[in-house]
Amino acid sequence: MNIKKECKLRNIAGEDIIMLQGKAGVDMTKVIALNKTSVWLFNQLYGKIFDREQVATLLCSQYDVQRDIAERDTVKWIDGLIAIGCIEHA
Amino acid sequence: MLKHEQLLMLELLRSAIWGIPIEHVDYFATLTTEQWKDIQQQARLQGVSGLVWSTVEQLPKEYHPERVIKIAWALEAEEIKRRYLHQCDVAATIGEKVANAGFRMLVFKGIALSCYYPHPPLRECGDIDCFFYGEWEKVEDFLLNNDVAVERLPESHHDHWVYHDVILENHRYFLNSADRKILKGLDELFIQQLHLNSVPFQMINTTLYVPGIEFDLLHTAYHAAKHFVGECIVLRHLCDWSLLVATAKPDLQQFRNSIESEGFRDIIDGFSHLSVELLGLAPELISGVPRKDALVARMKEEIFLGGMVELRQTSNGWHKLLIRWQNYHRRAWKYRLVYHHSIWWRFPGTFFRLLSNPIKYMK
């Protein structure tokens, strides 16, 4: 899978958010706010092809976190991006 | 009596339109999420959402509304700016096309009035209103061959164009046919003012034209009065009026005297006093303007409560007809005030239109 090109990370009113920027502006239902870890993941993976295992490995390498917790957080992170249409399957 | 949230929204709005610090920052420290939602909703209904947000974001961070409200509001303000800039692009593109063919394009209302705002893109604009100094038909013939969708509306005072998702209203006149019969001479005055006093205005790489202050004052007053009679006025209309008066500092006495319709004059007086009361316009700018307390109170009520029952509250066609009938009644006093005629004078025409196309009025 990969993050769609039109999916942008923005800082709006001091909050980091991801949104799909369409031709007609922003669809408010396709916006999610991110914490610092999610922002870091997004920046690491934007423009790359990846799978769940790789995301969990990235998390474990950067943060002091157990594998099973990293895998659970990976699922949440990817599901969040899928929900707003930011992920496409390569 | 205004609600606490309405008063706070007005405080934020005053700060935005005059570029002044918020007077009572501490009032925002203890607001609940529900109160913030109310303020946001009020700002949206009044057509000043972007302006109010521009002040909210300057509040100390610990006073900000919760994250969900903040992000939604910030994005809404951003969308208002994006639409505005897109409209400017479209106006410039059309202006350039017609200029190359030897026509002059004047824009009024939205884009033109935004110039009086400290941050023009935050003034919400609907469509682009334009005027071609009497050459509207020639311009349309030209544009029909230049990728612009033209919808000719023979009964109307303007035609519609659509270009890159933006609607442009190409005005032949400024008053609709019903108003032209009553407010005699006003249209001719508008046209005369544009021919005499419009000024060049640089829009991106194109020179467009905008009206002089005399037209802006008269047309803003007329437009707001028309909204007042037809639906209701919102704070955005009042902001336009306040900023115009503050910028141009007109002799309002003289301006009032130039208007024949006494009711129209009363409305302008009401706007002026409400601009002082609600938006903090300097009182000396309206000195000598008579105040009719009962009318000002009623106008204020209409701004915050809305004068009409909303059609969208039902999907039943017969219910919609009933609501229209109720609204017709509700408009009666405003109609008499502005036009000095009973609204029932128009009833045969309205009834005929209803009979000829009842489905339209049940939607």
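I began with the salt bridges and found that the structure holds 19 of them over all chains, where a salt bridge is a side-chain nitrogen of Lys or Arg within 4 Å of a carboxyl oxygen of Asp or Glu. I note here that this is a predicted model, in which local features need pLDDT of at least 70 and side-chain atom pairs count only at pLDDT 80 or more, while totals for chains, interfaces and linings use all residues. Residues are numbered from 1 along each chain as its sequence is written, chains are lettered from A and ligands numbered from 1 in the order in which they are written, and side-chain values use heavy atoms, with hydrogens and water left out.

**Entry: a bridge between chains**

I looked up B:Arg67, which forms a salt bridge with A:Glu15, the closest N and O atoms being 3.6 Å apart. B:Arg67 lies in helix α4 (residues 67-100) of chain B and A:Glu15 in strand β3 of chain A, so the pair joins two chains; helices (H or I, at least four residues) and strands (E, at least two) are DSSP runs, numbered from the N terminus. I then checked how covered each partner is, taking buried as under 20% relative accessible area, exposed as over 50% and partly exposed as in between, with a 1.4 Å probe and protein chains only. A:Glu15 is buried at 15%, whereas B:Arg67 is partly exposed at 40%.

**Entry: the interface**

How many salt bridges does the rule find across the interface of chain A and chain B? I noted three, and the side chains of A:Arg10 and B:Glu78 also meet in a salt bridge, at 2.6 Å from N to O. On the chain A side, β2 (7-12), β3 (15-22) and β4 (25-33) each supply at least two residues that touch chain B. Of the elements of chain A, β4(A) gives the most to this side, with five residues. By class, the side of chain A that touches chain B has ten nonpolar, two polar and three charged residues; Ala, Val, Leu, Ile, Met, Phe, Trp, Tyr, Cys and Pro count as nonpolar, Asp, Glu, Lys and Arg as charged, and the others, Gly among them, as polar.

I recorded that the contact, meaning heavy atoms within 4.5 Å, takes 15 residues from chain A and eleven residues from chain B. The two chains bury about 1000 Å² between them, 63% of it on carbon and sulfur atoms, where buried area is the accessible area (1.4 Å probe) that two parts lose on being put together, summed over both.

A:Arg67 lies in helix α3 (residues 67-83) and A:Glu53 in helix α2 (residues 52-62), so the pair ties together parts that are 14 residues apart in sequence. In chain B, the side chains of B:Lys37 and B:Glu34 meet at 3.7 Å, N to O, and both residues lie in helix α2 (residues 33-45) of chain B, three residues apart, about one turn of the helix. B:Lys37 is partly exposed at 40%, while B:Glu34 is exposed at 55%.

**Entry: chain A as a whole**

I read the elements of chain A from the N terminus on as β-β-β-β-α-α-α-β, which comes to three helices and five strands. Of the 90 residues of chain A, 38% count as buried. In helix α1 (residues 36-45), the buried residues include A:Trp40 and A:Phe42, and just after α1(A) I noted that A:Gly47 takes a positive phi of about 85 degrees.
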